[in-house]
Amino acid sequence: MNENVVKRNELLAQKVIKGLQSRNMTGYYAADRGAALRQALALIPKGSTVTMGGGMSVHEIGLVEALKSVDYHFIDRDAMADKRAAMLAAYDADFFLAGTNAITEDGILVNIDGNANRVSAIAQGPKKVLFIVGMNKVCDDLDGAMKRARNVAAPINAQRFGLSTPCAATGSCFDCKSPDTICCQFLITRFSRHADRIHVILVNDDLGF
Ligand code: SF4
């Protein structure tokens, strides 16, 4: 990566981390995927119960594979036949892992969801939530973050899951009410009531969508 891009990302990450701090959340900067993995494992004590609700970024830094070791109790919802049980188990986990659809420069997280298992667990339930966030997710402001969620993240996810939505066909949001819509719930995380619950690792790389 070009050294000027690296410098810019470091400076931008420090701005986001300051914004998170003002919202009772904790941010970290990782220079690359390996540093992000080390930071995540430093935050999750061995023996923790860990789960997630999707999140390509979490996979991309190698965190899922690392947590499948004997040292952790990783609830792998993809391997569980009873999806409802997996969903309910998430609410009592020590850690819930997630990517984000967007984050603003001043630390507001934006996430959209179809089933709402992901956004509901981010909002309440798991003792801690750990976000893995590539610098490609940082937007100027809340308006930009909402636009990113609808016009970048949602169309790609709709295509990924083979859904019949206007954005899957065109790449842009049409504010649809399609039965397949993945925009059933919007979660704007602007403050954490509970200190030490929400942690965000900003990674100097493009991760997820
Ligand atoms: S509202 Fe519909 S068209 Fe817009 S991003 Fe969501 S699923 Fe796609």
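Me: In this predicted model, what is the strand order of the open sheet formed by six strands?
Reply: Six strands make up this open sheet, and their pairing is parallel. Strands of a sheet pair through backbone hydrogen bonds, either parallel or antiparallel. The order across the sheet is 1-10-7-4-2-3.

Me: How many bridges join strand 4 to strand 7?
Reply: Strand 7 covers residues 128-134 and runs parallel to strand 4. Phe95 stands opposite Lys128 in strand 7, and Phe96 has Val129 as its bridge partner there. The pairing of strand 4 and strand 7 has four bridges.

Me: Which residue of strand 4 is the bridge partner of Val50?
Reply: Strand 2 (residues 49-52) and strand 4 run parallel and are joined by three bridges. In strand 4, the partner of Val50 is Phe95.

Me: Are the residues of strand 4 (residues 95-98) buried or exposed?
Reply: In a regular strand the side chains alternate between the two faces of the sheet. Here Phe95 and Leu97 point one way, while Phe96 and Ala98 point the other way. On both sides, these residues are buried.

Me: How many residues has the largest nonpolar core?
Reply: In soluble globular proteins, nonpolar side chains tend to be buried together. Among the residues with the most contacts inside the core are Phe96, Leu97 and Val203. The core has 56 residues.

Me: Which helix gives the most to this core?
Reply: The helix runs over residues 142-160 and gives six residues to the core. The helix is helix 7.

Me: What is the order of the open sheet formed by four strands?
Reply: The pairing in this sheet is mixed. Its edge strands, strand 8 (138-139) and strand 9 (185-189), each pair on one side only. Helix 7 packs on the sheet, touching strand 5, strand 6 and strand 8. The order is 8-5-6-9.

Me: Which residue in strand 6 is the bridge partner of Ile103?
Reply: Strand 5 (residues 102-104) and strand 6 (residues 109-113) pair in the antiparallel sense over two bridges. The bridge partner of Ile103 is Leu109.

Me: How many residues surround the ligand?
Reply: Among the closest are Ala154, Cys167 and Cys173. Helix 7 gives the most to the shell, with three residues. By class, the shell has nine nonpolar, three polar and two charged residues. The number of residues around the ligand is 14.

Me: Is Asp175 buried or exposed?
Reply: Asp175 sits in the loop between helix 8 and strand 9. Asp175 has 9 within 10 Å, so Asp175 is exposed.

Me: What is the value of phi near Asp196, in degrees?
Reply: Most residues other than glycine have a negative phi, and most peptide bonds are trans. Asp196, in the loop between strand 9 and strand 10 (198-203), has a positive phi. The value is near 65 degrees.

Definitions and conventions
Residues are numbered from 1 along each chain as its sequence is written. This is a predicted model: local features need pLDDT of at least 70, side-chain atom pairs count only at pLDDT 80 or more; totals for chains, interfaces and linings use all residues. A residue is buried if 20 or more other C-beta atoms lie within 10 Å of its own, exposed if 12 or fewer, and partly exposed in between; C-beta atoms are placed from the backbone. Two strands pair if DSSP finds at least two bridges between them. A nonpolar core is a set of buried Ala, Val, Leu, Ile, Met, Phe, Trp, Tyr and Cys residues joined through C-beta atoms within 7 Å. A residue is near a molecule or strand if its C-beta atom, placed from the backbone, lies within 6 Å of it. Ala, Val, Leu, Ile, Met, Phe, Trp, Tyr, Cys and Pro count as nonpolar, Asp, Glu, Lys and Arg as charged, and the others, Gly among them, as polar. Two residues are in contact if their C-beta atoms, placed from the backbone, lie within 7 Å. Axes are lines fitted to C-alpha atoms, for helices over the stretch in contact, and angles run from 0 to 180 degrees between N-to-C directions.
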